[in-house]
Amino acid sequence: MNSVKLSVIAASTLLLAQTANAETLRLLTWGGYAPQEVIDQFEDETGIEVKVTKSNNEDMISKLRATRGAGFDLVQPSQDRISGAQRDFDIYQPIDLSKIDTSLLIPSMLEATKKNTALNGDVYGVPHIWGTSGLVVDTKTAAGIKDYTDLCDAAYKGKVSYRLKRPTLIGFAFAMGEDPFAAYNDPAKYQEILDKVQAKLIECKPNVKAYWSGGDELLNLVRSGEVVGAMAWDAGGWKVNRDNPDINFVAPTSGALGWIDTFAIPKKSKAVDAAYQWINFVNQPEIAAKITESAGNFTASKGADNFVNDTAKTQFQTSFPQAAIDNIKWYPTVPAGLEEMEGLVLDRVKAAN
């Protein structure tokens, strides 16, 4: 056999070996969380192929429950949907924090996620994409609105809006000096808090222009000037701010209400090391900024806001100085029965004259 044939055989053997050893990361995530340019860069730098399946909380749990934690290597459930699913279905494996470059993460978000995804002493999630609800305010005409209960000031009669949903109950409770999350496992105490909030919301009804149900409805009310203060999400406030710089998202003094979509590793992941590589890769500030541009929400990557477009950077830094970030009230898992209690309160508020 001549040397040319030997070289071809050797090259083919090497290629086959590389193909056999090539690793694939099967990522189950939300739309926009894994933009193609980030996938391409990760694959170029690591040689690991990334296969993305788009999903949502209910679908993630359903898929992993059906396979007992198999089929995917890394998933992105919300932090309040992890411990209950793990307790009931045993679909995740504990996070090895020694494999996470935690220096890349905003400390308060890491600690909140560790607390809210813990079960029997193990942590099952690390933070990634996050967002909040708080206040959208016309700062020119309603500068006095700095917390949820300020929406009830007589100066804003007929000019405020919020939803008749549980975030309104939670936000008002915090603004009234209560800690509803601490009362989650004490139904009697929780009902006591709800009763106080119910009375406040009924008292506040003359101020309400409309109880909004859709985002476009609210933004139109704010843009027209019919509403000068509202409970809403951060991205909505920033959207209006691009049209009217006087209107912006304001983190309430009692704390914005926050959600975090995490990284969790399924129990039967076949690419655990690749999962940790992806987590550390996307938490680099420059990479995280690309994900923010794609998803529309910021990540837990510390300093990533310095790498997004100038408009988004200014909006974020105006709405969220470090103290406001550290004061975010992160939603924990909701115990059974609480949402029924909240629903009765909301019905009574709606029916009150």
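# Reading a predicted model, feature by feature

Guide: We begin with one side chain. Lys-189 is partly exposed, at a relative accessible area of 30%. The model is predicted.

Visitor: Which residues does a network of salt bridges join with Lys-189?

Guide: Shared partners link Glu-178, Lys-189, Glu-192 and Lys-196 into one network of salt bridges. Take one pair from it. Glu-192 and Lys-189 form a salt bridge, with their closest N and O atoms 3.5 Å apart. The cut-off is 4 Å between a Lys or Arg side-chain nitrogen and an Asp or Glu carboxyl oxygen.

Visitor: How are Glu-192 and Lys-189 placed in helix α7?

Guide: Helix α7 covers residues 187-203. Glu-192 is partly exposed, with a relative accessible area of 37%.

Visitor: How many salt bridges are there in the count?

Guide: The count comes to 14 salt bridges. One of them pairs Arg-81 with Glu-58 at 3.2 Å between the closest N and O atoms. Arg-81 sits in the loop between β3 and α4, and Glu-58 in helix α3, so the pair ties together parts that are 23 residues apart in sequence. Arg-81 is partly exposed, at 27% relative accessible area. Glu-58 is partly exposed too, at 48%.

Visitor: Which side chain does Asp-59 meet in a salt bridge?

Guide: Asp-59 meets Lys-63, at 2.8 Å from N to O. Both lie in helix α3, and because they are four residues apart there, about one helical turn lies between them. Relative accessibility is 24% for Asp-59, which counts as partly exposed. Lys-63 also counts as partly exposed, at 30%.

Visitor: Which helix gives the most to the negative patch?

Guide: Helix α2, residues 36-46, does, with four residues. Glu-293 belongs to helix α11, residues 285-295. At 42% relative accessibility, Glu-293 counts as partly exposed.

Visitor: Next, sheets. In what order do the three strands of the open sheet stand?

Guide: The general idea comes before the case. Strands of a sheet pair through backbone hydrogen bonds, in either a parallel or an antiparallel sense. In this structure the order is β2-β1-β3, with parallel pairing. β2 (49-54) and β3 (74-75) stand at the edges with a single partner strand each, so one side of each has no neighbour in the sheet.

Visitor: How many bridges join β1 to β3?

Guide: Two bridges join them, and β1 spans residues 24-29. Leu-27 has Leu-74 of β3 as its bridge partner.

Visitor: How many residues of strand β10 are buried?

Guide: Buried means under 20% relative accessible area. Strand β10, residues 229-233, has four of its five residues buried, so the rest of the structure largely encloses it. Ala-232 is in strand β10. Its relative accessibility is 4%, and Ala-232 therefore counts as buried. Ala-232 and Pro-167 are 65 residues apart in sequence, yet 9.6 Å apart in space, C-alpha to C-alpha.

Visitor: Is the pairing of β7 and β10 parallel or antiparallel?

Guide: β7, residues 126-138, and β10 run antiparallel and are joined by five bridges. Leu-135 has Met-231 of β10 as its bridge partner. With β8, residues 160-162, the sense is parallel, over two bridges. There, Val-160 has Gly-229 of β10 as its bridge partner.

Visitor: Last, backbone angles. What is the phi of Asp-90?

Guide: Most residues other than glycine have a negative phi. Asp-90 has a positive phi of about 55° although it is not a glycine. Asp-90 lies in the loop between α4 (83-89) and β4 (92-93). With a relative accessible area of 34%, Asp-90 is partly exposed.

Visitor: And where does Asn-120 lie?

Guide: Asn-120 lies in the loop between β5 (118-119) and β6 (122-123). Asn-120, not a glycine, has a positive phi of about 55°. Its relative accessible area is 75%, so Asn-120 is exposed.

Methods
Residues are numbered from 1 along each chain as its sequence is written. This is a predicted model: local features need pLDDT of at least 70, side-chain atom pairs count only at pLDDT 80 or more; totals for chains, interfaces and linings use all residues. Side-chain values use heavy atoms; hydrogens and water are left out. Buried means under 20% relative accessible area, exposed over 50%, partly exposed in between (1.4 Å probe, protein chains only). Two strands pair if DSSP finds at least two bridges between them.
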